[in-house]
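Hello,

Here is the structure I promised to pass on. My notes follow below it.

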Amino acid sequence: MTENPEGADHAAQNPPPGNRPDEKAGARRRPHGKLRRRIAGALAIGLGLLSVGFLYAAFAPQPQLAEAQPDAALIAKGEQLYNNTCITCHGANLQGEQDRGPSLIGVGDAAVYFQVSSGRMPMARQEAQAMRKHPLPIFDPESAEGRANLEALGAYIQANGGGPVTPVERGEALRGEDPGRGGTLYRLNCASCHNFTGVGGALSSGKFAPALAPASEEQIYTAMQTGPQNMPRFSDQQLTSEEKQDVIAYIKSVNNTNDPGGNALLGLGPTAEGIFIFTVVMSGLVGFAIWLGAKS
């Protein structure tokens, strides 16, 4: 067998496809080129977004925010009312006094409205629970003077202690549009203490959940905001403003509903009805049985 040097030289000069050095180098360069193009594209998009953001921040109109400034005269009037009616129990700096009254820091204008407009404050004496009574004439929410004084006292407490504020709406404007949803929320959060129809009920340690019929819409709303006595506080994260208004709508609808079955039996629900049936009807049946026995 003879050697063919010319064929060997030809094979060396023309290697088969895939084994050529330039093709191998191109195959190695190709993935790196794609990666660089992708990185360059991502950087271009990022720079474009940053440019748009800077341009918007530079040329967008700034919103005009109107911040309500406290009325100095109103706060001064509230301070005078506080010094005349509240300072003995709650202290000169709202910090409270031991065995007299709690701190008012953080209770807000809403707590002032609820406690003072319902006559619970000022208290005549220390008791297990502040009782609802007719408010002081200077704080009567039914009079223009009373409303003005409540606003001033609340403004003073709000300016120095902060906390929840009374709603802007008043009266029936605080009744929501969905009393059905309000009834569901009421049964979940309120009925265990205030009963299903809002007639109230006994609690421990001489305390009680008051009846809701005498309370105005503002008083019910501010009570939910502040959680007086043993009542829990319902923030807007727990019950939104619309949900609070629906609860108010349910309470007022229950209070204004006629009793188609006759006597409401104090509105205490099936327990009162069961006791009535047992004591009256069963007594009648026993008496009738005794009468029949005497006749036989």
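Start with Asn-195: its relative accessibility is 15%, so Asn-195 counts as buried. The cut-off for buried is under 20%. Keep in mind that this is a predicted model. Asn-195 is not a glycine, yet its phi is positive, about 75 degrees. Look for it in the loop between helix H8 (191-194) and strand E1 (201-202).

Gln-229 also has a positive phi without being a glycine, here about 55 degrees. Its place is the loop between H9 and H10. At 37% relative accessibility, Gln-229 counts as partly exposed.

Next, helix H9 (residues 217-226). H9 is mostly covered, with 10 of its 10 residues buried. Among them are Ile-220, Tyr-221 and Met-224, but also Glu-217 and Glu-218. What do the buried residues of H9 pack against? They pack against helix H5 (108-117) and H10.

H10 has another partner. Helix H7 (residues 179-189) packs with H10 (residues 241-255) at an angle of about 95 degrees, the axes 7 Å apart. The two helices are therefore roughly perpendicular to each other. H7 contributes residues including Pro-179, Leu-185 and Tyr-186, and H10 residues including Val-247, Tyr-250 and Ile-251. By type, the contact residues split into 7 nonpolar, 5 charged and 2 polar.

One last item is a cis peptide bond, from Met-121 to Pro-122, with omega near -5 degrees. Pro-122 sits in the loop between H5 and helix H6 (144-161).

Best wishes

Definitions and conventions
Residues are numbered from 1 along each chain as its sequence is written. This is a predicted model: local features need pLDDT of at least 70, side-chain atom pairs count only at pLDDT 80 or more; totals for chains, interfaces and linings use all residues. Side-chain values use heavy atoms; hydrogens and water are left out. Axes are lines fitted to C-alpha atoms, for helices over the stretch in contact, and angles run from 0 to 180 degrees between N-to-C directions. Helices (H or I, at least four residues) and strands (E, at least two) are DSSP runs, numbered from the N terminus. Angles under 35 degrees count as roughly parallel, over 145 as roughly antiparallel, 65 to 115 as roughly perpendicular and the rest as oblique. Contact means heavy atoms within 4.5 Å. Ala, Val, Leu, Ile, Met, Phe, Trp, Tyr, Cys and Pro count as nonpolar, Asp, Glu, Lys and Arg as charged, and the others, Gly among them, as polar. Buried means under 20% relative accessible area, exposed over 50%, partly exposed in between (1.4 Å probe, protein chains only).
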